[in-house]
Amino acid sequence: MTQNILIIMVDQLNGTLFPDGPADWLHAPNLKALAARSTRFRNAYTASPLCAPGRAAFMSGQLPSGTGVYDNAAEFVSSIPTYAHHLRRAGYQTCLSGKMHFVGPDQMHGFEERLTTDIYPADFGWTPDYRKPGERIDWWYHNMGSVTGAGVAETSNQMEYDDEVAFNACAKLYDLARGGDDRPWCLTVSFTHPHDPYVARRKYWDLYEDCAHLEPEVPAMAYDDHDAHSKRIFDANDWRSFDITSDHIRRARQAYFANISYLDDKVGEIMDVLDRTRQEAVILFVSDHGDMLGERGLWFKMSFFEGSARVPLMVCAPQMQPGLVTDPVSNIDVCPTLCDLAGVSMAEVSPWTTGESLVPLGQGGTRKSPVAMEYAAEASYSPLVCLRQGQWKYTNCALDPEQLFNLDADPHELTDLAEVVDHAEVLERFRILAAERWDLEAFDADVRESQARRWVVYEALRQGGYYPWDYQPLQKASERYMRNHMDLNVLEESKRFPRDE
């Protein structure tokens with residue numbers, strides 16, 4: 001049976017807040033209702049804790065070292081198949097409303113239609129530079145102003161965007177219901193919330209006025225008590241220029257939770273239209289990466305710690321039973337999962353993909369293979385890699401000491417076991433697994449080459465006439481509503497749904 005597919009993606013949503021669907025204390029009735037119908041993955045991880053790399057991996061089933069999308073200004077090349085390509089090739093109509101952070105001149109990547117532009121630029125201007133370790137590019141790097149500026153507003157740049165994303169998604173669902181195209185559909189709706197800035201509408205802010213979770217479970221640590229990569233994140237975020245108070249932290253977290261409720265309303269709008277138009281679809285909910293939310297004093301992403309690397313992931317499909325799966329999985333598993341659910345073969349490209357279908361896990365199966373993550377963007381000076389298997393998490397970087405955490409015994413990752421003799425055998429096993437998967441020296445060389453090339457191209461293209469790659473949504477006004485080349489009787493009948501009531 002061919003199935004329609006609805007993918008709802010959000011941005012920077014901390015997966016630890018979804019231990020089995022949304023945490024009980026979150027005001028998220030629509031997501032909780034979806035969770036009750038879904039296979040829920042407690043230990044789902046991003047392939048890379050940053051927007052563009054995580055999204056390219058989610059769409060293709062490949063890690064950044066396979067896609068070349070190392071950072072938020074790395075081109076996603078047109079020759080890499082995505083789930084949109086696979087499904088479209090198999091006869092689906094594929095449509096995107098919202099953000100996907102495609103960098104480069106290809107702004108479609110298999111989507112037949114895009115309903116909105118992106119919220120972020122499509123050029124190479126946000127390219128990090130490993131040749132200049134420690135340099136802050138102030139006009140686009142994060143800083144702690146998102147925390148100190150947290151608060152209430154009735155609209156913002158991001159609210160304007162997500163309001164448009166939801167409106168267009170609902171309008172598209174109405175259009176799909178009219179039956180003008182008999183192909184099955186795959187609609188991806190991708191929001192930018194709850195990504196910082198931490199600014200929320202009053203109606204959602206007030207829901208968390210007395211919330212018991214406004215303080216991080218692990219308070220801020222002294223700078224020198226952090227691991228080497230976390231120090232680089234602090235420096236990249238210009239922490240010395242800001243005095244972060246307890247009130248700032250509470251307000252930022254309150255706004256973040258409020259924006260989860262804002263998103264829940266958007267999900268509710270979409271689900272309501274789907275229900276009222278009598279359409280059935282597989283529904284997948286996922287985030288690109290998480291947010292540290294002040295845990296340990298860290299904010300945003302860029303880290304392999306749980307708040308940054310773990311993401312919510314839920315799949316509602318007839319082939320998968322509702323319930324909780326605790327085996328570690330990845331958002332690179334989304335592409336093969338969608339193809340599996342749609343009966344679409346990825347055999348021609350499977351030697352180059354690393355994701356695995358989640359369908360067997362929704363049928364009582366288990367996953368033994370490790371989940372892999374990579375990071376090679378701002379706040380790194382050389383690529384970092386990570387493996388999660390069973391209760392263990394292992395990280396490695398050519399510049400830093402290895403790390404090994406037992407997440408069952410130490411969920412907040414406060415005790416590094418890499419130098420504990422009793423765990424030497426586990427450490428060695430992960431060293432072997434990592435060495436089989438990665439050549440860190442070659443990985444570093446590839447990233448440096450990519451960055452250097454992009455800096456040349458970006459600086460060249462900003463001289464003289466400038467032609468942006470940003471997606472420009474086409475509105476065919478002459479084909480909308482009523483025009484003189486249309487038969488009014490046919491038009492009114494075709495646009496009505498349902499027609500028999």
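Is Tyr394 buried or exposed? I looked this up in a predicted model, where local features need pLDDT of at least 70, side-chain atom pairs count only at pLDDT 80 or more, and totals for chains, interfaces and linings use all residues. Residues are numbered from 1 along each chain as its sequence is written, and side-chain values use heavy atoms, with hydrogens and water left out.

Tyr394 has 1% relative accessibility and so counts as buried (under 20% relative accessible area; exposed is over 50% and partly exposed in between, with a 1.4 Å probe and protein chains only).

I then turned to the aromatic pairs, of which the structure holds 19 (rings of Phe, Tyr and Trp, the last by its six-membered ring, with centres within 6.5 Å; planes under 30 degrees apart are stacked, over 60 edge-to-face, the rest tilted). For Phe58 and Tyr83 I noted ring centres 5.5 Å apart and planes at 75 degrees, so this pair is edge-to-face. Phe58 belongs to helix α2 (residues 51-60) and Tyr83 to helix α4 (residues 83-89), so the pair ties together parts 25 residues apart in sequence (helices are DSSP runs of H or I with at least four residues, strands runs of E with at least two, numbered from the N terminus). Both Phe58 and Tyr83 are buried.

Returning to Tyr394, I found it stacked with Phe430, at 5.8 Å centre to centre and 15 degrees between the planes. This pair links strand β15 (residues 392-397), which holds Tyr394, with helix α12 (residues 424-437), which holds Phe430, 36 residues apart. Phe430 has 0% relative accessibility and therefore counts as buried.
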